[in-house]
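Visitor: Hi, I have a model open here and could use a hand reading it. Can we walk through it together?
Guide: Happy to, let's have a look.
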Amino acid sequence: MSVQKTFQEINDRIKRGEAVVMTAEEVSAMGKTHSPAQVAEKVDVVTTATFGPMCSSGMFINTGHANPPIRMERATLNGVPVFTGIAAVDLYIGATETHPENPAYGGAHVIEELLAGKDVELEAFAKGTDCYPLKNIKTTINRNNINEMVMFNPRNAYQNYPVAVNLSNRIKYTYMGSLLPKLGNANYSTSGELSPLLNDPQMRTIGMGTRIFLGGTTGYISWYGTQFKSDAELNEFGVPVSNAATLAVIGDGFQMNPSFIKAAYYEKYGVSMFVGIGIPIPVLDEEMATRVMIRNEQITTRILDYGDPDHPELGRTNYKELMSGEIELNQKKIKTSSLSSLFKAREIAELLKEQIKKGAFLLTEPVEVFPKGKGLNSLEIRS
Amino acid sequence: MARTKRRMVLRFPAESVNEPITYTLIKEYDVLINILNADITHGREGNLLIEMVGDKGNVDNAVGYLESKQVEISPVVKTILFNESACIHCGACSSVCFPGALEMDPDSRKLQFLPEKCVACELCIKACPLQLFELNFGVN
């Protein structure tokens with residue numbers, strides 16, 4: 001009879017310290033000599049991880065009220081504008097917001113400094129009301145004198161992403177890094193067979209409420225991410241060949257470790273933020289075993305020309321080729337590099353594995369599964 | 001005698017482009033020439049980025065010979081400084097590094113910086129999202 005396990009049974013094994021936990025890379029290697037049935041029999045949990053630049057990220061903070069109080073209508077942190085369009089002293093620091101005079105410094109840097117315990121200069125303005133009479137304030141805040149800092153990232157952990165190249169005659173500075181002219185290099189951004197949503201492409205075990213590793217602490221999947229797409233073209237191994245599903249995640253900034261949240265600046269593009277995410281996947285049955293056994297050579301992605309504003313597809317490749325350091329396109333060998341860090345992703349997958357092994361991290365069954373067959377709209381320019 | 005190593009950009013006037021200058025340097029002055037970058041068009045001016053290694057006296061004589069041929073010599077004192085301890089090993093710099101001074105280790109997936117291969121082209125400075133590279137104008 002084939003193996004069937006429930007979340008509850010796996011959690012009981014974790015609590016007893018008996019669960020067999022492996023990283024997604026380890027289980028992919030095991031898959032070369034073991035059948036899905038054998039993997040389902042032997043392995044309980046597979047840890048996945050990613051550490052890449054994720055623009056759609058940010059942090060809510062509540063600064064506490066001054067005396068007299070102010071209803072902040074415009075505010076900056078270290079000179080970087082922050083969103084004030086909510087209650088009086090609730091602010092949202094968008095990771096990509098930039099300092100008006102220093103394009104290489106932005107919200108992600110402010111977040112990193114708050115996590116690290118540094119003082120950050122707050123300046124805010126208001127019209128003044130009967131209940132909030134103060135019209136401006138200039139002070140410093142840090143993690144010890146604010147009420148909350150909650151990281152909430154509307155779109156993280158993209159399930160697959162295209163490779164960027166540049167066929168034009170000029171270097172292109174993009175969110176996919178520096179792209180040298182005439183196919184001078186190729187940049188990709190994923191941890192491949194270690195990446196969370198590539199190990200559970202149908203999102204059977206990853207859904208709303210899933211407990212995850214976020215920025216060095218425990219976080220949660222709060223919703224499907226923005227631009228979530230679950231009707232993407234799949235390859236023969238059942239994984240989407242392009243960017244598809246995404247996650248919205250939430251976690252306590254006070255508990256985070258700045259080594260898993262890093263501010264980034266891409267030349268002539270702007271600020272972004274590296275976010276470290278780890279997701280445990282329970283091996284419930286043979287079908288899940290097959291999913292987590294996926295290998296880099298089985299994950300296809302598209303190669304797009306970022307030298308052309310329409311980003312036409314030039315070909316397809318897989319992550320084994322990309323990670324070899326070189327791909328071939330138009331009879332030319334092209335050097336590849338990654339924007340996400342596989343080294344850091346492995347560190348996260350290992351940390352999560354150790355936490356689960358010692359019973360410090362239990363799995364959660366999704367409170368609700370993500371929508372099926374969801375497509376995307378594009379923005380029509382109406383005159 | 002002390003060995004010395006100097007990096008320099010040689011700018012050849014049009015009349016010297018067709019002379020076997022590198023051959024003469026090696027054969028007559030006994031210096032080791034490592035060509036790091038070359039941009040020479042016959043009949044026009046050319047640039048050569050070289051590293052010259054040899055006994056100090058030989059290197060000085062070789063430089064004297066170049067000057068006698070109206071070759072303009074600009075010493076390369078630029079080097080790239082890398083704040084390695086803050087690196088997150090994404091690898092974004094490695095594909096723009098044409099001399100291969102920045103390479104990802106295929107097993108550990110850690111970035112390796114090999115300064116001896118660096119020609120200070122500066123592409124990594126813009127490619128690094130954490131801005132960990134900077135140009136050093138100190139004496140080489």
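Visitor: How many residues of chain A are in contact with chain B?
Guide: 25 residues of chain A are in contact with 18 residues of chain B; two residues are in contact if their C-beta atoms, placed from the backbone, lie within 7 Å. Bear in mind that this is a predicted model, where local features need pLDDT of at least 70 and side-chain atom pairs count only at pLDDT 80 or more, while totals for chains, interfaces and linings use all residues. Residues are numbered from 1 along each chain as its sequence is written, and chains are lettered from A and ligands numbered from 1 in the order in which they are written.

Visitor: Which elements of chain A give two or more residues to that side?
Guide: β14 (177-179), β15 (185-188), β19 (261-266), β24 (332-338) and α7 (342-357) of chain A. Helices (H or I, at least four residues) and strands (E, at least two) are DSSP runs, numbered from the N terminus.

Visitor: Switching topic: what are the domains of chain A?
Guide: Domain 1 covers 7-53 + 155-357 and domain 2 covers 64-146, with bounds from an automatic or database domain assignment. Their centres, taken over C-alpha atoms, are 33 Å apart.

Visitor: How many residues are in contact between the two?
Guide: 13 residues of domain 1 of chain A contact 15 residues of domain 2 of chain A. On the domain 1 side, β19(A) supplies the largest share, five residues. That side has nine nonpolar residues, three polar and one charged.

Visitor: What about the sheet with β9 of chain A, what is its strand order?
Guide: The order is β5-β4-β9-β10 (chain A), an open sheet with antiparallel pairing; two strands pair if DSSP finds at least two bridges between them. β5 (80-82) and β10 (136-141) of chain A are the edge strands. Six bridges join β9 (residues 120-125) of chain A to β10(A), and A:Glu123 has A:Lys138 as its bridge partner in β10(A).

Visitor: Which helix packs on the sheet?
Guide: Helix α4 (residues 107-115) of chain A, which touches β4 (74-77), β5 and β9 of chain A and makes about 125° with the direction of β9(A). Axes are lines fitted to C-alpha atoms, for helices over the stretch in contact, and angles run from 0 to 180 degrees between N-to-C directions.

Visitor: Now chain B: how many helices and strands?
Guide: Chain B has three helices and eight strands. Four of its strands form an open antiparallel sheet in the order β2-β3-β1-β4 (chain B). Eight bridges join β2(B) to β3 (residues 46-55) of chain B, where B:Ile40 has B:Gly46 as its bridge partner.

Visitor: Last one: which residues touch the most other members of the largest nonpolar core?
Guide: A:Ile111, A:Met273, A:Val292 and B:Cys124, in a core of 128 residues. A nonpolar core is a set of buried Ala, Val, Leu, Ile, Met, Phe, Trp, Tyr and Cys residues joined through C-beta atoms within 7 Å. A residue is buried if 20 or more other C-beta atoms lie within 10 Å of its own, exposed if 12 or fewer, and partly exposed in between, with C-beta atoms placed from the backbone.

Definitions and conventions: Ala, Val, Leu, Ile, Met, Phe, Trp, Tyr, Cys and Pro count as nonpolar, Asp, Glu, Lys and Arg as charged, and the others, Gly among them, as polar.
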